[in-house]
Amino acid sequence: MDKVIEISNRAVADYGFRLAVLYGAADIAQRWELSEGQRALLETTALELLAALPNPVEPEQIAAEQERVAAAIRAAAL
């Protein structure tokens, strides 16, 4: 779960990386050596949350969005 949150946090802050995650989640999962469970979490919950973000996230909103996305990922992992 921590790797998925790390990926998501980076994707919130970096719009280019977010696009890489949204359109290449399988490649990201492989490069980050995610487990099957982590990969499923990335390809479902995380992608849904990242796709709903504004393009780009305004700098003053990055920390709040990162926390919101991380909390949703933690909840989904339970």
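Trainee: Among contacts in the protein chain between residues at least 6 apart in sequence, what percentage join residues at least 24 apart?

Mentor: The figure is 66%, where contact means heavy atoms within 4.5 Å. This is a predicted model, in which local features need pLDDT of at least 70 and side-chain atom pairs count only at pLDDT 80 or more, while totals for chains, interfaces and linings use all residues. Residues are numbered from 1 along each chain as its sequence is written, and side-chain values use heavy atoms, with hydrogens and water left out.

Trainee: How many helices and strands does the protein chain have?

Mentor: The protein chain has five helices and zero strands. Both are DSSP runs numbered from the N terminus: helices are H or I with at least four residues, strands E with at least two.

Trainee: Why is I7 called buried?

Mentor: Buried means under 20% relative accessible area, exposed over 50%, and partly exposed in between, with a 1.4 Å probe and protein chains only. I7 has 0% relative accessibility and therefore counts as buried. This residue is found in helix α1. Beyond its neighbours within four places in sequence, I7 is in contact with F17, V21, I28, W32, L34 and L42.

Trainee: Why are α1 and α2 called oblique to each other?

Mentor: Axes are lines fitted to C-alpha atoms, for helices over the stretch in contact, and angles run from 0 to 180 degrees between N-to-C directions. Angles under 35 degrees count as roughly parallel, over 145 as roughly antiparallel, 65 to 115 as roughly perpendicular and the rest as oblique. Helix α1 (residues 2–13) and helix α2 (residues 15–23) pack at about 130 degrees, with their axes 5 Å apart. The pair is therefore oblique.

Trainee: Which residues of α1 and α2 meet?

Mentor: I7, R10, A11, V12 and A13 in α1 meet Y15, F17, R18 and V21 in α2.

Trainee: What makes α1 roughly parallel to α4?

Mentor: The axes of α1 and helix α4 (residues 36–51) cross at roughly 30 degrees and come within 10 Å. That crossing angle makes the two helices roughly parallel. From α1, the residues K3, V4, I7, S8, A11 and V12 make the contact, and from α4, Q38, L41, L42, A46 and L50.

Trainee: How do you know that the radius of gyration of the protein chain agrees with that of a compact globule?

Mentor: The radius is taken over C-alpha atoms, and the globule rule is 2.2 Å times the number of residues to the power 0.38. For 78 residues, a compact globule would have a radius near 12 Å; the protein chain has 11 Å, so the two agree.
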